[in-house]
Amino acid sequence: MSSSSNTESYERQFVNLYRRFARIAVPNKATIDKNGDSYSLVVHYSQRDLDLMENISFKKYYNVNVSKIGIESISCQSEPCDTTLELAVKYSKSRQWKVVVKKNIRENAKFKSFIEIWESDTKIKTLTPEILEKNHGEISLSEDFLAVHWSPNEKYFLYTAEYKSPKSESFFKQSAESATMQEESEVIRGNEYLYKDDWGEGMNGVRHPCIYIVDVEDNFKIRCVEVENFSLADAFWIDNDKIGCVALNEYPYRLGVAMCCMRPSVLYSFDWRKELPKPKILYGEHEESIRSPRKNGKTILFLCSDALSSHSKASKLMCYNIETNHTQVIIDKYSSEVNFVPIYTHYLPINCFTLDGKYMLFHTLMKCRSALCIVDLNNKSLKVMNSPLFATRVMDVRHDLLVLLSSAPNHFPSIYIAKLQTDVELLKFEEVEMNHRHLTDDIDFRIEEMFIEEKGEKFPLHTLLVGPSHKMNVACATVVNPHGGPHLTFLGTFTHMIALFAKIGFKTLLINFRGSTGINEEYVNVLCGNIGEMDVKDVMHCIQHHVEKGDIDMKNIFLFGGSHGGFIVTHLCGQFPDFGFKACATRNPVIDISSMIELTDIPDWCLTEINVRDQSYKFGDFGNVESLTACFLKSPMKYVNNIKTPIFLLLGKYDKRVPKTQSIKYYKVLKTCGVDVKCHVYDDKHDLQQVNVDADAFVDIALWFYKYIDNKYKNDITQEVYDGVCL
């Protein structure tokens with residue numbers, strides 16, 4: 001068979017395999033509420049539609065019967081209900097009222113959404129795009145700013161939306177004869193080309209979110225709460241007269257917030273009924289970052305971490321007393337206790353308290369796990385609880401029922417529910433719906449801890465090896481995948497790409513190097529100033545460890561990584577050109593920090609990670625000769641002329657985090673040097689998660705690896721694909 005025929009055959013098999021996995025609807029949200037003598041569970045699912053090349057979503061209703069000792073039964077009560085057009089839904093406490101933010105699909109629509117207000121099963125009002133456009137800009141829907149909540153008396157609801165900026169026109173545009181004086185006054189001439197920054201990656205046009213309050217009883221009037229130079233997020237009701245929120249400082253300019261939860265911010269409250277509501281600072285007069293305020297009786301619990309430092313640091317859990325105006329630390333980020341568990345989580349669940357208000361539940365990163373934690377608010381203690389699988393996220397806590405989303409490398413995400421009994425050491429979880437186990441029952445995984453010694457000190461490293469079950473104890477072709485960040489961590493969670501690699505015969509070695517989160521703050525900070533050296537050394541140490549153990553075929557090692565993971569794998573190609581890496585595929589890699597710093601939405605990341613002056617980032621600092629030289633010397637670009645490994649670059653055209661220009665430069669140099677290099681540029685942003693992009697990326701990466709793999713592995717695709725089950 002010719003080479004082109006082989007390629008076409010593999011291509012068909014990879015496409016069919018991806019189609020099979022894309023058909024699996026994955027739960028991503030769940031809420032529980034009381035329904036008479038039983039409970040109603042609503043589970044939201046998402047699915048990739050490869051015909052429309054878009055994500056679709058739907059929800060299903062389940063009835064949950066609970067006894068004194070636990071969950072008795074769970075039964076599905078509905079067919080799937082399409083929710084693709086629903087952007088946000090919020091019920092009032094009594095469930096009599098509901099507000100729905102929906103996508104506007106009218107042709108040539110300028111405004112992207114509108115709001116429906118429902119009473120029981122009747123829609124009583126639509127705030128049309130035209131109504132909303134007169135009051136504000138687009139509704140904030142990103143995780144960092146989204147807030148939709150009913151007041152305690154159910155007469156008002158709030159949401160966040162972009163502040164309505166004056167319209168800009170040319171100096172030379174003639175006014176319409178019908179224009180009123182008010183319309184004329186709302187136009188600013190000559191400002192149509194004014195530069196306006198935003199909150200970076202994934203936040204196009206998000207510049208100045210404010211809080212908007214709708215009065216249901218007063219003809220649905222919309223009231224704005226705005227603070228100059230601050231973007232308002234995480235809005236919530238303190239009582240019927242007061243609201244609270246997190247306010248992110250916009251001055252002197254905005255930095256990227258997506259996955260960067262350490263932006264300078266404060267916790268505010270407002271008496272929103274006043275004509276000009278003025279903010280009252282509840283907490284945050286120092287250089288700190290505030291997140292996830294959650295009201296619990298007469299207190300507000302929230303996360304707090306250092307601002308403008310290494311990203312994704314541990315957080316303190318703080319408690320503000322509304323009556324005394326006193327703030328105290330519930331869980332600190334440091335402790336001398338041997339079994340101390342730091343809090344590594346970006347956000348707290350919206351509902352996270354037990355019925356008596358004495359306990360709080362959320363998840364935190366722990367080495368290769370996302371663990372379920374319960375905090376005793378009176379004793380100020382945190383305990384790790386049992387959970388169904390390795391990776392767990394709290395979805396909802398209400399009526400002393402706990403709803404989790406859990407997964408594992410060989411287990412699709414699934415919803416679990418348990419009755420909370422704080423005096424019971426082990427919670428008993430029931431799975432809501434079995435989720436296509438047969439597709440992954442031939443995949444296995446193993447977590448391992450090893451140590452690397454440096455200057456007389458031993459540091460733990462963790463690896464997660466995922467692969468076909470029958471190959472776990474033999475050396476075979478392996479994809480080495482360090483994580484991005486770099487201050488993140490690989491979890492034992494289900495990942496489509498890793499599962500797909502296993503289905504076509506590869507093991508994947510996921511590596512948590514020094515600087516990863518989930519251990520402690522010293523472990524995170526040790527990497528700052530040492531990127532390009534310490535992280536690369538750690539990954540090589542893990543590779544060699546697994547080669548010596550007989551897990552990896554040394555002659556068939558492939559490299560895969562994105563963002564900082566791409567930084568590491570391109571470093572490996574340049575620093576170890578004769579090691580024999582077969583091929584490399586990298587998504588939006590950091591290639592040249594010295595050129596990235598002036599274009600990225602996170603210039604603070606560049607200077608924090610090279611750590612030349614051992615201090616926090618200062619606004620206005622885009623490097624000097626010393627720091628820019630250090631940026632280049634720590635970058636993969638330094639070693640570009642050494643590279644022999646074939647490299648496939650996958651880039652996002654609209655990536656604000658790691659702009660594609662540095663990778664295009666890298667591509668041109670590699671091409672000139674005669675290296676086999678390929679580059680795809682997608683109409684996508686940093687995460688490359690659009691359905692058409694992710695689908696194309698998997699097939700092309702698989703074909704790229706199969707191009708260079710030894711022939712003995714080329715027919716080693718699981719029988720399921722050969723048999724055409726995926727057709």
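Biologist: Let's start with glutamate 116: is it buried or exposed?
Modeller: Please keep in mind that this is a predicted model. Glutamate 116 is buried, with a relative accessible area of 5%.

Biologist: And what does the side chain of glutamate 116 meet in a salt bridge?
Modeller: The side chain of glutamate 116 meets that of lysine 123, with 3.4 Å from N to O. Lysine 123 is partly exposed, at a relative accessible area of 39%, whereas glutamate 116 falls under the 20% cut-off and therefore counts as buried.

Biologist: How many salt bridges are there?
Modeller: The count comes to 38 salt bridges. As a general point, side chains of opposite charge can pair when their charged atoms come close.

Biologist: Which residue does arginine 189 pair with?
Modeller: Arginine 189 forms a salt bridge with glutamate 169, at 3.6 Å from N to O. Arginine 189 sits in strand S13 and glutamate 169 in strand S12 (residues 167–169), so this pair ties together parts that are 20 residues apart in sequence. Arginine 189 is partly exposed at 28% relative accessibility, while glutamate 169, at 11%, is buried.

Biologist: What about arginine 446, which residue is its salt-bridge partner?
Modeller: That partner is aspartate 551, and the closest N and O atoms of the two are 2.9 Å apart. Because arginine 446 belongs to strand S31 (residues 443–454) and aspartate 551 to the loop between helix H6 (534–549) and strand S35 (552–562), the pair ties together parts that are 105 residues apart in sequence. Aspartate 551 is buried, with 3% relative accessibility, and arginine 446 is partly exposed, with a relative accessible area of 25%. Elsewhere, salt bridges that share partners join Asp33, Arg95, Asp396 and Arg398 into one network.

Biologist: Switching topic, which residues form a positive surface patch?
Modeller: Lys242, Lys274, Lys278 and Lys280 form a positive surface patch. Lysine 242 is placed in strand S17 (residues 242–249), and this lysine is partly exposed, with a relative accessible area of 35%.

Biologist: Where is lysine 653?
Modeller: Lysine 653 is found in the loop between strand S37 (647–652) and helix H11 (661–672), where its relative accessible area of 38% makes it partly exposed. Not counting residues up to four places away in sequence, lysine 653 touches Lys660, Val681, Tyr682, Asp683 and Asp684. The C-alpha atoms of lysine 653 and aspartate 684 are separated by 5.8 Å, although these two residues are 31 residues apart along the chain.

Biologist: And histidine 208, buried or exposed?
Modeller: Histidine 208 is buried, at 10% relative accessibility, and lies in the loop between strand S13 (187–189) and strand S14 (209–215). Leaving aside neighbours within four places in sequence, histidine 208 has contacts that include Ala161, Glu162, Tyr163, Phe230 and Glu250.

Biologist: Last one: how many residues of helix H4 are buried?
Modeller: Eight of the eight residues in helix H4 (residues 496–503) are buried, so this helix is mostly covered. Among the buried residues of H4 are His496, Phe501 and Lys503.

Biologist: What follows H4?
Modeller: H4 is followed by glycine 505, which has a positive phi, near 105°.

Note on methods:
Residues numbered from 1 in each chain as written. Predicted model: local features only at pLDDT ≥ 70, side-chain atom pairs only at ≥ 80, totals over all residues. Heavy atoms only, no water. Patch = residues over 30% accessible without salt bridge, like charges linked within 9 Å, V, L, I, M, F, W, Y side chains within 5 Å. Areas by Shrake-Rupley, 256 points an atom, 1.4 Å probe, with all protein chains shown as cover. Salt bridge = Lys/Arg side-chain N within 4 Å of Asp/Glu carboxyl O. Lys, Arg positive; Asp, Glu negative; His and termini not counted. Charge placed at Lys NZ, Arg CZ, Asp CG, Glu CD. Helix = DSSP H or I, 4+ residues; strand = E, 2+ residues; numbered from the N terminus. Buried < 20%, exposed > 50% of the residue type's maximum accessible area, 1.4 Å probe, protein only. Contact = heavy atoms within 4.5 Å.
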